[in-house]
Amino acid sequence: MDKIIDILKGIRPEFDFTASDDFINDGFIDSFDIVTLVAALEKQFGIKIKGTEIVPENFCNLNAIAALLKKYGAAIA
Amino acid sequence: MRFAYRNKKITGVLSVVPKNFKTFDEEMENYNADKSRTKRLKLVMGYDRHHLVEDGVTVSDMAVFGMKYLFDNGLLSKDDISALVLVTESPDYFLPPTSCVIQGRLGLSQDVFCLDINQGCAGYIVGLMEAFSLLAQDDMKKVVLINADILSRKISKEDRNSYPLAGDAIAITIVENADDGSLIQGEIKFDGARHEVLMIPAGGFKMPSTPETAVMHEDRDGNRRSLDNLVMKGREVFHFVQTEMPPLLNGLFDRIGIGKDEIDWYLFHQPNKFMVDKLAEELDVPYEKMPSNIVTNFGNPSGVTVPLNISFNIGKRLLNETFKVCLAGFGVGLTWGAMVLEIGNLNFNDLIEF
């Protein structure tokens, strides 16, 4: 999970991502940040996330991102 | 709608882009977001430069310039033109049709059939369909298909959502009958229930432009635009493309019995690099077969991205070689479609500046 937090902090260093369950509605990230996040996650974990899965629900909090990455077999521990 | 056309061919492509361009870096100050976030966006989306018309330039100006280039260089004769089809979302006027304006400015025959089509990102597919259909009439020589858009003039410069990808251009495609047994097949779909995903709200009869519609508002992401400006719900557009295009394309390939590896080039509309690359991944097509560099070099001039893709990425090879290509467009309407055809041995395939 620390790797995900590091990536998120790299995009929006001003926010504490452990303190939100809804990054989008809390204004932590917008749709463009999600695109940047996808690119960073793909690079970090060596995966390709399907375009159909790039939806807010999969990036709205740490658990959602972790669940998505697990589907691709990413080693997030 | 599934479609098929026999014995039709593209015989020339000319793309015209404005000389004037701006870089993403020099426009970053316009956007209400910190520079580091915006720079990261640049890399992922493939933004670098976009070619934009100067104030006062219209679609007919660029179209007349391109047509005169063809006449002056002996690439097209006025007497060979049977029809002029213009696909644009940025006409010179509400009325008359801009195709008529172009016909008049060029002094073309009164027998030339003129038609405007209001289409955008799928406008190359729609325009080619119309051109192929017209060629079924008797005594047809050449149909001139002009795709043209200068929508940068309707996009707020403070809209980080849309302005970085704005681009202006026109393309002229010559379409003729052939006697080679060629078969062009494709499919196109429309969903007007989602028409608000990509639109210019004010300026038509539904919401005439007024001082109130020109007032700038800020959205929750910090983008500033008015009702007179183009508004794109980027997230919805992205999801629409990723969910609708792969099944349409896979269904088309299955129906016409062609393997993906049999297609030499996938020349798709290009709103941004990220979206096109995701389509390539979903379709399991190599990135190099599906170029995503138009938005980087020119911006996104709506339906012109597809012929610009032909001119920029294949270029002079098309004068002596033939390729099996898949053309695809998706966007405003919503509209999404694709066609598979052979293209090659063109009389010209040029890219020039206005």
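**Exercise 1.** Determine the handedness of the crossing of H6(B) and H7(B), and describe the contact between these helices.

*Solution.* The crossing is right-handed, a term used when the near helix is turned clockwise from the far one by less than a right angle. The contact (heavy atoms within 4.5 Å) involves, among others, B:Phe238, B:Met245 and B:Leu249 of H6(B), and B:Phe274, B:Met275 and B:Leu279 of H7(B). By class, this contact has ten nonpolar, two polar and two charged residues.

This is a predicted model, in which local features need pLDDT of at least 70 and side-chain atom pairs count only at pLDDT 80 or more. Residues are numbered from 1 along each chain as its sequence is written, and chains are lettered from A.

**Exercise 2.** Find how many residues of H7(B) are buried, and what they pack against.

*Solution.* Helix H7 of chain B, a DSSP run (H or I, at least four residues) spanning residues 273–283, has eight of its eleven residues buried, that is, under 20% relative accessible area with a 1.4 Å probe and protein chains only. Among them are B:Val276, B:Asp277 and B:Ala280. The buried residues pack against helix H2 (31–45) of chain A, and within chain B their partners include helix H6 (234–256) and strand E15 (322–331).

Note on methods:
Side-chain values use heavy atoms; hydrogens and water are left out. Buried means under 20% relative accessible area, exposed over 50%, partly exposed in between (1.4 Å probe, protein chains only). Helices (H or I, at least four residues) and strands (E, at least two) are DSSP runs, numbered from the N terminus. Ala, Val, Leu, Ile, Met, Phe, Trp, Tyr, Cys and Pro count as nonpolar, Asp, Glu, Lys and Arg as charged, and the others, Gly among them, as polar.
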